Amino acid sequence: MKPLHTNRHAVRRFLLETQHLLYKDETRHTPDPEAVLQMIQSLECVQLDPVAAVERNQHLVLAARIPGYEPKLLNQLLSNGRVFEYWANAACAIPIEDYPMFEPTRNRLQSLTQSELNTFEPVVEEVLHRLEVDGPLPARAFRSTERVHGYWDNKQPKTKATSHVLNLLLDSGTIRVVRREGNERFFHLTERTVPSEYLSSAQSIETMEANQLLLEKYLRAYRVFDFADARFGWQKMSAAKRRAEVMKRVEMGDVIPLQIDDVRRPYFILASDLDRLRQHGQESDDHVEGPIRFLPPLDNLLWRRDRLVDLFDFTYKWEIYTPKEKRQFGYYAMPILAGDRLIGRMDPGLDRKQNRLVVRFLHIEPGIEITEELRCQLRDAMGRFAEFHGVQNIVVERIEPATLHLE
């Protein structure tokens with residue numbers, strides 16, 4: 001199939017639209033769990049992360065798209081069994097109806113964890129018995145004096161044996177997170193908490209069918225994709241296999257190759273999205289103005305960093321693992337989206353004692369015109385961000401360029 005010729009303006013507006021980040025109404029609403037579920041279904045999943053410099057990633061993703069969003073809404077969906085937590089792009093909140101297609105992933109992780117689970121067999125039996133008898137329990141409910149090398153122990157064994165077993169059982173799909181209170185997870189047996197129809201479908205689904213469904217889910221989540229992505233399809237695939245899966249769909253007419261001006265990397269879209277992309281291609285190349293939003297480091301839009309460079313001329317690295325003295329933008333620097341452009345970064349933190357949002361560094365990219373309108377938009381956006389976090393005051397410690405002053 002001949003590639004569709006287009007430009008970066010059109011592709012990035014299309015991408016932002018499908019990510020629910022374009023032409024956004026900032027009017028504050030009172031959303032309910034159903035509205036949040038519909039957003040997750042449209043995005044396909046939302047990545048989870050425990051880092052709490054401000055609110056956690058999953059809640060920041062949803063707050064950037066749903067005015068009036070509150071973290072309790074996602075927690076209600078988890079408690080009510082409308083979403084489940086498992087490995088997609090990474091650890092994610094996923095609509096429960098997608099449970100069957102992850103069966104090959106669960107089987108693969110079961111085979112990888114079985115040897116270690118066998119090593120901890122007495123602890124495994126204790127954990128499963130407690131859950132069967134007592135129902136949902138947090139990690140602190142299990143007492144253990146034994147310390148082992150957990151997932152994040154680089155040197156000395158620091159993790160409780162019971163906590164490590166809980167993580168292994170999570171990966172294998174034997175148990176799952178059924179609710180969260182803050183960042184505390186409550187676990188229960190999967191067979192007791194997933195609706196029987198989905199358990200039955202998971203047991204009967206063929207591996208090839210499940211893998212194809214999962215790949216299609218990935219394509220819908222990314223919308224503008226390339227086969228060089230190591231996470232392609234959210235399954236273990238060689239580079240040759242990734243390319244073959246894309247080209248097979250091109251030959252079938254389900255996927256459209258793109259020829260994007262000034263972009264060398266080959267990108268593709270779903271054929272069902274062609275009209276939406278063409279519509280954006282008919283628009284002016286002038287930048288779309290719009291309200292400012294701060295995107296968390298693991299926002300869906302940011303999953304493919306090479307794509308940010310190609311479409312937005314924006315290079316982003318999450319510096320959480322960079323030594324403090326080598327950080328350029330900050331521990332939790334959040335890209336700033338203004339209309340259809342990524343224009344800078346904000347590194348926020350919370351000072352609960354002083355009831356304030358502390359912006360450690362506010363940076364605007366070179367080439368972005370500093371106008372009074374931009375200053376007003378930034379002040380408004382930081383005000384909304386502070387309100388979302390339940391604080392009233394804002395302190396900006398460092399600004400670049402200096403002409404950006406917000407007083």
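## The sheet

Strand 2 and strand 4 (residues 91-95) run antiparallel and are joined by 2 bridges; strands here are DSSP runs of E with at least two residues, helices are runs of H or I with at least four, and both are numbered from the N terminus. Within that pairing, Gln47 sits opposite Cys92 of strand 4. Zoom out and you get an open sheet of 3 strands, ordered 2-4-3 with antiparallel pairing (two strands pair if DSSP finds at least two bridges between them). Strand 2 (46-47) and strand 3 (83-87) are the edges, each pairing on one side only.

A quick note on the model: it's predicted, so local features need pLDDT of at least 70 and side-chain atom pairs count only at pLDDT 80 or more, while totals for chains, interfaces and linings use all residues. Residues are numbered from 1 along each chain as its sequence is written, and side-chain values use heavy atoms, leaving out hydrogens and water.

## The cavity

Searching the whole structure turns up 1 cavity of 30 Å³ or more. On a 1 Å grid over the protein atoms alone, a cavity is a set of points where a 1.4 Å probe fits but cannot get out, and lining residues have an atom within 4 Å of a point. The volume of the largest cavity is about 60 Å³, meaning the space filled by probe spheres set on the points, which are joined across faces, edges and corners.

Its lining includes Leu48, His59, Val83, Ala93 and Arg180. Helix 3 (57-63), helix 4 (71-79) and strand 3 each supply at least two lining residues, with helix 4 giving the largest share, 3 residues.

Note on methods: 1 Å grid on protein atoms, 1.4 Å probe; cavity = no way out; pocket = protein on both sides within 12 Å on 5 of 7 lines; lining within 4 Å.
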